[in-house]
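Here's a quick briefing on the model below, meant for reading with the viewer open.

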Amino acid sequence: MISFSDVSKQYGRQVLFIDASFQLNPGEKAGLVGPNGAGKSTLFRMIMGEESPDEGTVSVPKKLSVGCFRQEVDEMGGRSVLEEAIAGSGRLGDLHHELAGLERAMADPETEDLEAVIERFGHVQEEYQHLGGYELEARARACLEGLGFAPDQVDGDVGALSGGWKMRVSMAKVLLGRFDVLLLDEPTNHLDIESILWLETYLKNVQATLLMTSHDKDFMNRLVTKIVEIDGGDIVTYSGNYDFYVREREQREANQEAAYARQQAKLAKEQRFIERFSAHAAKAAQVQSRVKALEKIERVEPPRRRRVVKWDFRIPARSGEDVVMLEGVGKAYGSRVLYRDFDFHVRRGERWCVMGRNGAGKSTLLKMVAGALEPDAGTVRLGASLRLGYFAQQSLDLLDPDLTVLEQMMKDFPTEGLGVLRNLLGAFQFSGDDVDKRVRSLSGGEKSRLVMARMLFNPPNFLVLDEPTNHLDLATKEMLVEALRGFEGTMLFVSHDRTFLRGLANRVLELGGDGHDGPVLYPGTYAEYVEATGREAPGVHA
C-alpha cells in the first residue's frame with residue numbers, strides 16, 4: 001500500500017526524519033502521533049506527493065486515490081453548502097458538475113455538435129452511475145447533517161459561514177469522495193460532541209485506509225488499531241489503540257532506562273580500572289585491551305522522555321454556598337426561543353457540564369452567567385464572595401499581539417518571579433524559546449493555552465469555561481484535567497472532550513434532549529449520565 005523506506009528529510013538545521021521506515025496496509029486505521037514540529041504535516045505532504053524526501057523512497061501506488069483534510073480553510077463562495085461539498089468530493093464531484101453542464105447544453109437549442117455532447121453525456125453518466133453518483137446528493141445531505149448543519153444551512157450560501165463551519169464543509173468534501181485512503185489532520189478540532197460521535201461511527205464503517213492525527217483520546221481509542229509515532233527522526237509503529245501505545249511506550253522507555261543505567265555503571269567501572277592502572281607498566285597491556293573494548297561498545301542512548309511539567313494551582317478563596325441563581329430566565333433570538341421561565345441553581349463545589357445540540361443555547365447560558373449577555377426576562381444573580389473567571393474563544397482577543405508570551409505574563413503578574421512564570425508556562429507546553437514568541441504569531445491552540453495559564457495562575461473560585469480544550473494537545477489536556485480535579489472552587493462548562501467531561505463533571509445539565517422541550521438536570525457525574533440515558537450526548541445513542 002503506502003510505504004516509507006529509509007526516508008530522510010530536513011529543513012535547514014531542523015532534522016525531521018533519519019532513515020525512517022513504516023508501512024500503511026489496505027484497510028488499516030492508524031493514528032499518527034508525535035510532538036509539535038516532529039514532522040506529522042510533512043509526512044502527510046510526502047504521501048500526497050507535495051514534497052519529496054531528501055533520501056529514501058515514499059511509495060504510493062499510482063491508482064490509489066488519496067483524500068486529505070487539513071487545518072486550512074478553503075476559499076468558498078458563490079455556491080450553496082451542498083453544492084460546495086459535492087464539488088470538492090474528488091472524481092465524483094467533477095462528474096456531478098460535468099453532467100449538470102452537459103444537461104444544460106443538451107437543452108440549449110443553440111448547442112453546436114449536439115451529437116458529441118450526447119455521446120459525452122453517455123460516457124459521463126455511465127461512470128457517474130458506476131461510482132454511486134445518483135446517491136451523492138442524499139449522501140451529501142446526510143453527511144452535512146451528521147457534521148451539524150441544519151437543513152436551511154445546507155441550502156444556504158457557503159460564503160456566509162464562519163471559518164469553523166467552512167472547516168466542516170472541507171471535512172464533508174473528503175468524506176464524500178470515496179477515496180481509497182483518508183489522511184485526516186485533527187478532524188475533531190471544530191466539531192461539537194454530537195458531530196464527533198457521528199464522525200466516529202462513519203469512520204468505523206468506511207472501507208478506506210485511514211491515517212489521522214487527533215488530540216481526542218477517546219476518538220483515537222475507538223477508531224485506530226495501530227499507532228505510528230514520529231520520535232526524534234525515527235518512525236516507530238505500535239499495534240494497538242492509543243492507550244496500548246502509551247503503555248507500550250512507557251514500558252519501552254523503562255527498559256531503555258534500565259539498559260542505559262546498567263551500561264553506564266559498567267562503563268564507569270571500566271573507566272575507573274583504566275584510570276587506576278594506566279601508569280602501571282605491568283598492567284599496560286590489560287589497560288590497552290580495555291580501552292579498545294570500550295571504544296567498540298555500542299552506546300545505549302537514554303530514552304527521549306516527553307517532559308510534562310506539573311503545576312499545583314493555588315487554592316482559591318472560599319465562596320458562599322450559593323454560587324449562581326437563575327430565576328424565571330427567558331432568552332430568545334428572534335422567533336427562536338432558547339430559554340423560557342428557566343430556573344437553575346449552582347452551589348459551591350458543583351461542577352456542571354452543559355450538554356446540548358448545536359443552537360440549544362449552551363454558550364448563551366455561559367454568557368448570561370458570566371455577565372456578557374443580559375437575559376430577556378428573569379434574573380441571574382451571583383453569590384457572595386465570588387470571583388468569576390470566564391474562558392471563551394473571544395478571550396483570545398484580550399491578549400496583546402505585540403508582546404511575547406513571557407512579556408504578557410510579566411505584564412499580567414508584575415510582582416511574580418520569572419522562574420514561577422516560566423514554570424507555569426512550561427506546564428502549558430511553552431518551553432525553551434516558545435516563551436519568546438510574539439502573541440500575534442501564535443496558533444489558536446497556543447493562544448488558548450496562554451489564556452488558560454493567565455486565568456489559572458491565581459485561580460478564581462468560579463470557573464465558567466466554554467470549550468476550554470479546543471486545540472489543546474493531549475499532554476496539556478491531561479495536565480489540565482489532573483489539575484482541575486483538585487480545584488476547590490465551582491465550575492460551569494461546555495466541552496466536547498469526553499476525557500474532560502468524565503474527569504470533571506459531577507452534574508449534567510442537558511438542553512433540549514430527546515423528548516424534552518426544556519432543560520433537564522442530572523444530579524450525577526457524566527459517566528452516570530451516560531449510563532442512565534444510554535447516550536454520550538443529546539440525540540446520539542451510545
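Predicted model: local features only at pLDDT ≥ 70, side-chain atom pairs only at ≥ 80, totals over all residues.

Residues are numbered from 1 along each chain as its sequence is written, and side-chain values use heavy atoms, with hydrogens and water left out.

**Overall picture**

- The protein comes to 18 helices and 20 strands.
- Along the principal axes, its C-alpha atoms fill a box of roughly 105 × 80 × 45 Å.
- Of the 542 residues, 48% count as buried; that label means under 20% relative accessible area, while exposed means over 50% and partly exposed is in between (1.4 Å probe, protein chains only).
- An unreviewed UniProt entry carries the annotation "domain: ABC transporter" for residues 2-257 and 324-542. UniProt positions are given in the numbering used here, feature names are shortened, and such annotations may be inferred rather than shown by experiment.
- Over residues 2-257, the chain is 45% helix and 22% strand, and the C-alpha atoms at the ends of that stretch sit 33 Å apart.

**Salt bridges**

- How many salt bridges does a search of the whole structure find? The count is 36, where a salt bridge is a side-chain nitrogen of Lys or Arg within 4 Å of a carboxyl oxygen of Asp or Glu.
- As background, side chains of opposite charge can pair when their charged atoms come close.
- K173 and E84 pair up through their side chains at 2.8 Å, N to O. This one links distant parts of the chain, with K173 in helix α7 (residues 163-176) and E84 in helix α2 (residues 81-87), 89 residues apart.
- Are the two partners buried or exposed? K173 is buried at 8% relative accessible area, and E84 is buried at 5%.
- K437 forms a salt bridge with E446, and their closest N and O atoms are 2.7 Å apart. K437 is partly exposed at 29%, whereas E446 is buried at 12%.
- E482 and R485 make a salt bridge too, with the closest N and O atoms 2.8 Å apart. Because they are three residues apart in helix α16 (residues 474-485), about one helical turn separates them.
- Both ends of that pair are partly exposed: E482 has a relative accessible area of 45% and R485 has 44%.
- There's also a network of salt bridges linking E200, D216, R222, R498 and E536.

**Surface charge**

- D6, D19, E55 and D234 gather in a patch of negative charge on the surface.
- Patches like this are made of residues with over 30% relative accessible area and no salt bridge; like charges are joined within 9 Å, and nonpolar side chains (Val, Leu, Ile, Met, Phe, Trp, Tyr) within 5 Å.
- For the bookkeeping, Asp and Glu count as negative and Lys and Arg as positive, with His and the chain ends not counted. Each charge is placed at NZ of Lys, CZ of Arg, CG of Asp or CD of Glu.
- Accessible areas come from the Shrake-Rupley method with a 1.4 Å probe, and for residues only the protein chains shown count as cover.
- D19 belongs to strand β2 (residues 14-24) and is partly exposed, with a relative accessible area of 47%.

**Backbone spots to check**

- Which loop holds R178? R178 lies in the one between α7 and β6 (181-185).
- R178 has a phi near 50°, a positive value in a residue other than glycine, and is partly exposed at 48%.
- Q429 also has a positive phi, near 65°, and is likewise a residue other than glycine.
- Q429 sits in the loop between α14 (418-427) and α15 (444-457), partly exposed at 22%.

**Sequence versus space**

- L418, in helix α14, is partly exposed at 44%.
- L418 and L406 are 12 residues apart in sequence, and their C-alpha atoms are 8.6 Å apart.
- G361 is in the loop between β12 (351-356) and α12 (362-370) and is buried at 7%.
- G361 and I230 are 131 residues apart in sequence and 41 Å apart in space, C-alpha to C-alpha.

Methods: Helix = DSSP H or I, 4+ residues; strand = E, 2+ residues; numbered from the N terminus.
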